[in-house]
Amino acid sequence: MEDKIMNILRVVLENNSLDTTCSQENCETWDSMHNLNLCFELEGEFDIMFEPEEMAAMKSYLDVVNIVKSKLSNNS
């Protein structure tokens, strides 16, 4: 799952060199529009839906992983 998330991040942010330390603070292309696109891609890949608060909380790779894990565990 984490590899899928990283691949989606790399595609959406158009940066193949991203690693697990990427965040809005250290990735220039991670703006609000890209964050929205990231959420749409994650929703499609994992068949989940994010609340607006969850979308706003996605500020780093680790945030994204934790939120997706939480959504997946709630769906099972």
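**Group meeting: helix packing and the loops around it**

Let's start with H1, where Ile5, Met6, Ile8, Leu9 and Val12 are buried, buried being under 20% relative accessible area, exposed over 50% and partly exposed in between, with a 1.4 Å probe and protein chains only. These five span an arc of only 160 degrees around the axis, so they sit on the same side of H1; the arc is taken from the directions running from the helix axis to the C-beta atoms. On the other side of H1, Asp3 and Val11 are exposed.

A quick word on the model: it is predicted, so local features need pLDDT of at least 70 and side-chain atom pairs count only at pLDDT 80 or more, while totals for chains, interfaces and linings use all residues. Residues are numbered from 1 along each chain as its sequence is written, and side-chain values use heavy atoms, with hydrogens and water left out. When I say helix, I mean a DSSP run of H or I with at least four residues, numbered from the N terminus.

What do the buried residues of H1 pack against? They pack against H2 and H4, and contact here means heavy atoms within 4.5 Å.

From H2, the contact uses Leu38, Leu42 and Phe46; from H4, Val64, Val68 and Leu72. Sorted by type, the residues of this contact are six nonpolar, no polar and no charged. Nonpolar covers Ala, Val, Leu, Ile, Met, Phe, Trp, Tyr, Cys and Pro; charged covers Asp, Glu, Lys and Arg; the others, Gly among them, are polar.

Now zoom out to the core. The largest nonpolar core holds 23 residues, and Leu42 and Phe50 have the most contacts inside it. H1, H2 and H4 (61–75) each supply at least two of its residues. By nonpolar core I mean a set of buried Ala, Val, Leu, Ile, Met, Phe, Trp, Tyr and Cys residues joined through side-chain atoms within 4.5 Å. Phe50 is worth a click: beyond its neighbours within four places in sequence, its contacts include Cys39, Leu42, Met55, Ile67 and Val68.

Asn35, in H2, is buried because its relative accessibility is 8%. Not counting residues up to four places away in sequence, Asn35 touches Gln24, Trp30, Met55 and Met58.

Finally, the loops. Most residues other than glycine have a negative phi. Which residue follows H1 with a positive phi? That is Glu14, near 55 degrees. Glu14 lies in the loop between H1 and H2 and is exposed, since its relative accessible area is 68%. Asp47 also has a positive phi, about 55 degrees, although it is not a glycine. Asp47 lies in the loop between H2 and H3 (52–57), and its relative accessible area of 68% makes it exposed.

Back in the loop between H1 (2–12) and H2 (32–46), look for Thr29. Thr29 counts as partly exposed because its relative accessibility is 33%. Leaving aside neighbours within four places in sequence, Thr29 contacts Leu13 and His34. C-alpha to C-alpha, Thr29 and Asn15 are 8.6 Å apart in space, and 14 residues apart in sequence.
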